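This briefing looks at how one chain is folded and how it meets its partner. Please keep the structure in view while reading the points below.

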Amino acid sequence: MSGLAVLYAMSFAAVQKHVAVLERAGLVVKTKRGREQLVGANPERLALARQVLDRYEAIWRQRSVQIDDLLAADPQPRQHQQ
Amino acid sequence: MTFISSVKDPEALSLIIVNEFDADVERVWQIWEDPRQLERWWGPPSWPATFTEFDFTVGGLAHYYMTGPEGEKAGGWWKFALIEGPTTLEIEDGFADEDGHPVDELGVTGMRMTLEDIGGRTRMTITSRFESAEQLQKMVEMGMEEGMKEAASQIDAILAE
């Protein structure tokens with residue numbers, strides 16, 4: 001992690017904070033090597049995240065088409081009922 | 001096509017979707033604040049949504065279910081975290097069981113929606129943020145189940161021909 005701090009010109013504390021967030025999300029794993037803590041990406045989890053984000057993107061593409069249809073069919077703002 | 005772009009960030013577990021519509025900001029705001037209009041676009045065509053509760057106030061809850069081609073139901077709930085009409089909406093979006101009770105282990109998706117006037121048209125930006133990779137795992141598993149069910153029913157339809 002000290003290597004990360006140098007690489008990203010961040011304080012060690014800042015790196016620790018970022019890594020902790022990623023670790024909680026299950027996206028990185030920490031392993032010990034002597035006195036050093038190594039941080040590695042969790043490739044399975046990242047692939048999984050990509051898969052779900054792809055699905056969500058597809059859902060929103062579909063919604064976009066349906067919103068277009070709705071706006072075309074009903075273009076005028078409806079008056080609010082008080 | 002009004003779908004403009006998307007930015008997927010698997011490390012931040014976030015997704016940004018940008019759409020542009022041929023309508024003004026006030027009109028696009030209504031597709032969110034009126035549950036009858038929401039029902040016309042929130043669910044996929046084969047899984048239309050029905051909102052049974054819709055308390056459009058900060059902290060208010062909405063309940064909905066989507067009905068599949070075989071009559072099966074998938075439930076969901078929203079909590080309105082921020083409402084600044086007609087431009088900004090923040091929603092916590094979760095899953096619900098058949099009785100409408102929240103299913104906590106599937107986690108909550110944070111959704112921020114902003115509308116911006118672009119010369120009479122409207123740019124809608126949606127930022128979705130997922131809680132954890134575990135949540136995604138469960139969602140994928142559930143989605144795979146759904147996909148297999150869908151495929152099975154398609155095979156049934158072909159075999160019945």
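In this predicted model, chain B holds an open sheet of eight strands, which pair in the antiparallel sense and follow the order β1-β2-β8-β7-β6-β5-β4-β3. The points below start with this sheet, go on to the helices that lie on it, and end with the contact between the chains.

**The sheet of chain B**
- At the edges stand β1 and β3 (49-54) of chain B, and because each has a single partner strand, one side of each is left without a neighbour in the sheet.
- From one strand to the next, the twist averages 20°.
- Six bridges join β1(B) to β2(B), and the two strands pair in the antiparallel sense.
- B:Lys8 stands opposite B:Leu15, which belongs to β2(B).

**Helices on the sheet**
- Chain A contributes its helix α3 (residues 43-73), which packs on the sheet and touches β1, β2 and β8 of chain B, while its direction makes about 20° with that of β2(B).
- α1(B) lies across β2, β6 (88-96), β7 (108-118) and β8 of chain B, and its direction is at about 160° to β7(B).

**Where the chains meet**
- Between the two chains, 31 residues of chain B are in contact with 28 residues of chain A.
- On the side of chain B that touches chain A, the elements that give two or more residues are β1 (3-9), β2 (14-21), α1 (25-33), β8 (121-129) and α3 (133-160) of chain B.
- The most is given by α3(B), with seven residues.

Key:
Residues numbered from 1 in each chain as written. Chains lettered and ligands numbered in written order. Predicted model: local features only at pLDDT ≥ 70, side-chain atom pairs only at ≥ 80, totals over all residues. Contact = placed C-beta atoms within 7 Å. Helix = DSSP H or I, 4+ residues; strand = E, 2+ residues; numbered from the N terminus. Pairing = 2+ DSSP bridges. Axes fitted to C-alpha atoms, helices over the stretch in contact; angles between N-to-C directions.
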